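Welcome to a short tour of a protein model. Have the sequence and the 3D view open as you read, and follow along from one spot to the next.

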Number of protein chains: 2
Amino acid sequence: MDKKTEQKKVFLEIVQQLRQLIKMEKIQAGEKLPSERVLSERLGVGRSSVREALRSLELLGLIETRHGGGTFLASTHKHQLVEILSMFILEDEKSKKDVELTRQIHEMEAIRVISCTETLRTLPVWDSFFVKLEIEGTINCRDILRELLITTGNRLSLKIWFQLAAYDGDRLNRNSTEDEKLIIQTMLKSMQLGYEKEALKAYEQWMSTVQSI
Amino acid sequence: MDKKTEQKKVFLEIVQQLRQLIKMEKIQAGEKLPSERVLSERLGVGRSSVREALRSLELLGLIETRHGGGTFLASTHKHQLVEILSMFILEDEKSKKDVELTRQIHEMEAIRVISCTETLRTLPVWDSFFVKLEIEGTINCRDILRELLITTGNRLSLKIWFQLAAYDGDRLNRNSTEDEKLIIQTMLKSMQLGYEKEALKAYEQWMSTVQSI
DNA sequence: TCAAAAAAGTGGTCTGACCACTTTTTAACG
DNA sequence: CGTTAAAAAGTGGTCAGACCACTTTTTTGA
């Protein structure tokens, strides 16, 4: 029946055991795991085997290790995952374009969802962005987009977005220019009013200016 | 500048070196990699370190190892990845819903792109689906959705979709029911004619029926 | 010629050791 | 008594060697 279970894959069993241990001990995100030596004793396996499992989980971004400090359950899931996969699968310029497009897919969907949901588009946070724009004259581009994703409540979409945004480098993580200010205001205003199409139009206009940066 | 590079992460460097080696040696999918002992010598590191890197890549499904046989570049990407991630991250019902929603985000975007692109929406493949539906009376749901993603040409979006669809289990990987037939036909026809809204409407209708399965 | 046995190759695992770094404890000083 | 510096303990990082289980290749012998 269950081929995956009947397969040996001792190394995967350790991963599973680790998960059980985390659940049993009720280890929360950011908290410390038992040391490698303790784990190897408790699980009845060699330290090497424990390390192989831990290293795998680290590559997935599920745990963090600090030299001399210990091993910790990842607080913010840095899914280096996409990064690693991209290293193997996505190599050329075309792929970089794909990353940008895919990121925008999630952003646009967020705009759609928010625009169409009364309880989301009337959130105070959008007003706060307006105020910030008026007073300081500028705002961090990435912050706005992140807030869009957070607001939708889709945690998985948010996680994927984080990865894609990280891959994009600092092109997003910067303050808005004078030219962008008006566009962003239009986008936010349209969103608040539930004008999905207008909001998306402003977004696309915004992204085309980002493109040229 | 480049924080990620200046970070130590020796273990990640080995992963990178492995990638270079694969590229240099022009190792194709399914082919054999050098043995662990050879790798450890060529890379100038201990066998344990090589193994930690290999085990990580195995967890990602990028390589396969056969006891006594050797290590091979994965031919078909088995998405153990989703399985592992789901084990740690996706535990509650809310998360499962997120997976479904996120998958649909990519599917809907594909429909939009195809509907708005003359060269994509007039592709012969859509006619082939029509024919298949007429002759056999049914069609694999997953096949259609996959074709949508493939057609857009966004490989990253496709990759993400694959993983999400794999997590969804066999709810998609099945033949369409009689009820679905008409909806799918409507969706495809609307797409071919460039009626984005109608295509999306049919898609949403389709998904709501899938929901109840 | 071919099948069985032996050898070589390879991954799987464990042990022990040493290093580098961090955290905790202890000791010394003011 | 409190503060600080030194020592100790804890922890991850890496390596080397050994042995086992399994697969592949080579050799042997009928």
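This is a predicted model: local features need pLDDT of at least 70, side-chain atom pairs count only at pLDDT 80 or more; totals for chains, interfaces and linings use all residues.

Leaving aside residues up to four places away in sequence, S40(B) is in contact with V45(B), G46(B), R47(B) and V50(B).

**The nonpolar core**

Next, the core. Which residues have the most contacts inside the largest nonpolar core? They are L18(A), L57(A), L18(B) and L57(B), in a core of 38 residues. Both chains take part: α2 (10–24) and α4 (47–59) of chain A, together with α2 (10–24) and α4 (47–59) of chain B, each contribute at least two residues to this core. In soluble globular proteins, nonpolar side chains tend to be buried together.

**Salt bridges**

Over all chains, the search of the whole structure gives 31 salt bridges.

| Pair | N to O distance |
|---|---|
| R121(A) and E118(A) | 2.7 Å |
| D143(A) and R146(A) | 3.1 Å |
| R155(A) and D98(B) | 4.0 Å |

The pair R155(A) and D98(B) crosses between chains, running from helix α10 (residues 155–167) of chain A to helix α6 (residues 93–115) of chain B.

R121(A) and E118(A) share helix α7 (residues 118–121) of chain A, where they stand three residues apart, about one turn of the helix. Here R121(A) counts as buried because its relative accessibility is 17%, while E118(A) is partly exposed at 48%.

D143(A) and R146(A) belong to helix α9 of chain A, and because they are three residues apart, about one helical turn separates them. D143(A) is partly exposed, with a relative accessible area of 27%, and R146(A) is also partly exposed, at 24%.

There is a network to look at as well: salt bridges link E36(A), R47(A), R51(A), R55(A), E58(A) and E52(B).

**A closer look at helix α9 of chain A**

How far apart are the end C-alpha atoms of α9(A)? They lie 18 Å apart, which agrees with the 16 Å that the 12 residues of this helix (residues 141–152) should span at 1.5 Å a residue. At the start of α9(A), a side-chain oxygen of N140(A) comes to within 2.8 Å of the backbone nitrogen of R142(A). Just after the helix, G153(A) has a positive phi of about 85°. Within α9(A), the buried residues are C141(A), R142(A), I144(A), L145(A), L148(A), L149(A) and T151(A).

**A hairpin in chain A**

Finally, turn to strands β1 (residues 63–66) and β2 (residues 70–73) of chain A, which pair in the antiparallel sense over four bridges. Which residue of β2(A) is the bridge partner of T65(A)? That partner is T71(A). Three residues lie between the strands of this hairpin, and G68(A) takes a positive phi near 85° there. In a regular strand, the side chains alternate between the two faces of the sheet.

Conventions:
Residues are numbered from 1 along each chain as its sequence is written. Chains are lettered from A and ligands numbered from 1 in the order in which they are written. Side-chain values use heavy atoms; hydrogens and water are left out. The expected span of a helix is 1.5 Å times one less than its number of residues. Buried means under 20% relative accessible area, exposed over 50%, partly exposed in between (1.4 Å probe, protein chains only). A polar contact is a pair of N or O atoms within 3.5 Å; within protein, one must be able to donate a hydrogen and the other to accept it, and residues adjacent in sequence count only if both atoms are side-chain atoms. Contact means heavy atoms within 4.5 Å. A salt bridge is a side-chain nitrogen of Lys or Arg within 4 Å of a carboxyl oxygen of Asp or Glu. A nonpolar core is a set of buried Ala, Val, Leu, Ile, Met, Phe, Trp, Tyr and Cys residues joined through side-chain atoms within 4.5 Å. Two strands pair if DSSP finds at least two bridges between them.
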